[in-house]
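Dear colleague,

I am passing the structure below on to you, together with some notes on what turned up in it. Please have it open while you read.

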Amino acid sequence: MTKRRIKANQLEFLQRELRHWEETGMLSADKAGELEGLYEIRTVSFTKTLLYAGAILIGAGILSLIASNWGEIGKLAKYLFILGMFIGCNAAGYRLERNFPKTAKSFFYLGVLVFGAGIFLIGQMFHFGGDFEDAFLWWSLGILPLAWFLRDKWILLASSLFTLIYMTNGQYLGGDEVPYWIVLWIAAIYFLNKKIGFLPLTGFVNGVVVLTFIAAILNAVLDGVNSTAYIYGLIYLLIGAGLIIKREKIHSVYILLGHIVHGGAALFLSFGESWPADWIYLPFSILYMLFILFLIKGGSLYSIIILCVMIFRFYLDLTFDFMPKSLVFIIGGLLLLGFGFYFEKQRKKGGGIHA
């Protein structure tokens, strides 16, 4: 039977569980050893590393060659060269896919690089203008069908990253325009990620794209309104808390994102400058810490981290101005050590990391 390949930390967890069941008498020592033997640590493929590194170096070399001699090449020759490179890479990948799948994938990745470089170079060559971020949108759109055809998680991750870069366009972050149609991109990446095998990193990046899109809507709606900082903070706090409430129905990466969002929003709102009346931060912080304690009671390790950050933030705020700096650092260090010890103790108890 072929052994299942898992990460080193997953194997360590499996070994701890098997020892536990062995000690409680649920499994015999022979059966525990037999089960452990069904797994092995997943290692980095040396062949893949060579092929993918080679594809990246070739792509960088071709782009460097084009850039250094760009002015000496005619427009038609430039266009045909880029088009020929793109078609050639994908054709080579298609021909090699059956017998040499790893080599084929390196050619497809090279094609993705050539396609993106072609967008920038052709835009520069024909003076299309537009914003720099727009090129990343077309790059994302162009490689999305390839990710679906190849069922490739990493090309899909690249597509989501390029979409995120596009959303950083100043006109969206400034509230001048809202790209409502980007919802189609977000949905396509989300469903394709589920279809080809969920990659948590892609899910996380796509979640950040959603948060950026919400920021674009808020920027447009609140344009011209004074003292809006607390509105942003409260909305993102509710979004993060909503992801925590739905924890039983969503992937763990979105739960992590929820903790990051509501924790970051709460930290922002814990400063008086974020509110129209600066005294509001204190009752808000007390209520939020009670909420965090409730989550910790339910076994949330992420919430322990957030609580430690909030306590440390108030410790620095209350002591930095009137205590000797050396004493502030020493006590702060002791606090961090205490937080670390408590966190490790909770992990050894087997506390959940999702609530």
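This is a predicted model: local features need pLDDT of at least 70, side-chain atom pairs count only at pLDDT 80 or more; totals for chains, interfaces and linings use all residues.

Two packed helices are described by the angle between their axes and the distance between the axes. For helix H9 (residues 182–196) and H10, the angle is about 160 degrees and the axes lie 10 Å apart; because angles over 145 degrees count as roughly antiparallel, H9 is roughly antiparallel to H10. The crossing of H9 and H10 is left-handed. On the H9 side the contact is made by Ile182, Val183, Ile186, Ile189, Tyr190 and Asn193, and on the H10 side by Thr202, Gly203, Asn206, Val209, Val210 and Phe213. By class, the residues in this contact of H9 with H10 comprise eight nonpolar, four polar and no charged.

As for the backbone, most residues other than glycine have a negative phi. Arg151, however, has a positive phi of about 55 degrees without being a glycine, and its place is in the loop between helix H6 (132–150) and helix H7 (153–167). Its relative accessibility of 44% makes Arg151 partly exposed. Ser227, which is not a glycine either, has a positive phi near 55 degrees, and is found in the loop between helix H10 (200–221) and H11.

Finally, Ile245 lies in helix H11 (residues 229–245) and is exposed, with a relative accessible area of 66%. Between Ile245 and Ile255, which are 10 residues apart in sequence, the C-alpha to C-alpha distance is 9.0 Å.

Technical notes: Residues are numbered from 1 along each chain as its sequence is written. Side-chain values use heavy atoms; hydrogens and water are left out. Helices (H or I, at least four residues) and strands (E, at least two) are DSSP runs, numbered from the N terminus. Buried means under 20% relative accessible area, exposed over 50%, partly exposed in between (1.4 Å probe, protein chains only). Axes are lines fitted to C-alpha atoms, for helices over the stretch in contact, and angles run from 0 to 180 degrees between N-to-C directions. Angles under 35 degrees count as roughly parallel, over 145 as roughly antiparallel, 65 to 115 as roughly perpendicular and the rest as oblique. A crossing is left-handed if the near helix is turned anticlockwise from the far one by less than a right angle, and right-handed if clockwise. Contact means heavy atoms within 4.5 Å. Ala, Val, Leu, Ile, Met, Phe, Trp, Tyr, Cys and Pro count as nonpolar, Asp, Glu, Lys and Arg as charged, and the others, Gly among them, as polar.
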